[in-house]
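The following exercises concern the structure shown below.

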Amino acid sequence: MFATAFQFRKRGVETKLVIAHAGQKVVDQVLIRNIARAHRYCDAVKEGSTIDEIAARENLSRARIVQLIDLAFLAPDVLQSIIWGQQPVGLTSEWLQRNDLPINWQAQRRLIAAL
């Protein structure tokens, strides 16, 4: 007989069955790359570049640059959980593209914990 832990994750009308493997960590490389880009873009703004200049240089829309820059303001513990692959399964780059992340770290934690 085979046994494993699982969770139901509900998002709107969609329900996912998430099967956990003991000790398995899934490091989301796309999310980590986007966070690194966010910090790079944020640094460029601090150095005097405009959002439009960054967008042109990166061949991205202005809206996408703004969206990514928001990732530079993740709560430190949330960032650490992402790096270690311990973030909630619903916290992905795709989810972050569709949802606004609060700037307030406590609000971020509450929102992310609900995923």
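**Exercise 1. Determine what share of the 115 residues in the chain is buried, and state the order of its secondary structure.**

Buried residues, those under 20% relative accessible area with a 1.4 Å probe and protein chains only, make up 30% of the 115 residues. The model is predicted, so local features need pLDDT of at least 70 and side-chain atom pairs count only at pLDDT 80 or more, while totals for chains, interfaces and linings use all residues. Residues are numbered from 1 along each chain as its sequence is written, and side-chain values use heavy atoms, with hydrogens and water left out.

Next, the secondary structure comes to 6 helices and 2 strands; these are DSSP runs numbered from the N terminus, with helices (H or I) of at least four residues and strands (E) of at least two. Along the sequence the pattern reads β-β-α-α-α-α-α-α.

**Exercise 2. Classify the packing of helix H1 (residues 29-46) with helix H2 (residues 51-58).**

Step 1: the angle between H1 and H2 is about 135°, and their axes lie 10 Å apart. Axes are lines fitted to C-alpha atoms over the stretch in contact, and angles run from 0 to 180 degrees between N-to-C directions.

Step 2: angles under 35 degrees count as roughly parallel, over 145 as roughly antiparallel, 65 to 115 as roughly perpendicular and the rest as oblique. H1 and H2 are therefore oblique to each other.

Step 3: Arg40, Tyr41, Ala44 and Val45 of H1 meet Ile51, Ile54, Arg57 and Glu58 of H2, where contact means heavy atoms within 4.5 Å. By class, this contact of H1 with H2 has 5 nonpolar, no polar and 3 charged residues.

**Exercise 3. Is Asn59 buried or exposed?**

Step 1: Asn59 lies in the loop between H2 and helix H3 (62-69). Its phi is near 55°, a positive value in a residue other than glycine.

Step 2: exposed means over 50% relative accessible area, and partly exposed lies between the buried and exposed limits. Because its relative accessibility is 71%, Asn59 counts as exposed.

**Exercise 4. Identify which residues of helix H6 (residues 105-113) are buried, and what they pack against.**

Step 1: Ala107, Gln108 and Ile112 are buried in H6. They cover an arc of only 130° around the axis, which puts them on the same side of H6; the arc is that of the directions from the helix axis to the C-beta atoms.

Step 2: the face of H6 turned away from its buried side carries the exposed residues Arg110 and Ala113.

Step 3: the buried residues of H6 pack against helix H4 (76-83).

Terms used
Nonpolar A, V, L, I, M, F, W, Y, C, P; charged D, E, K, R; others polar.
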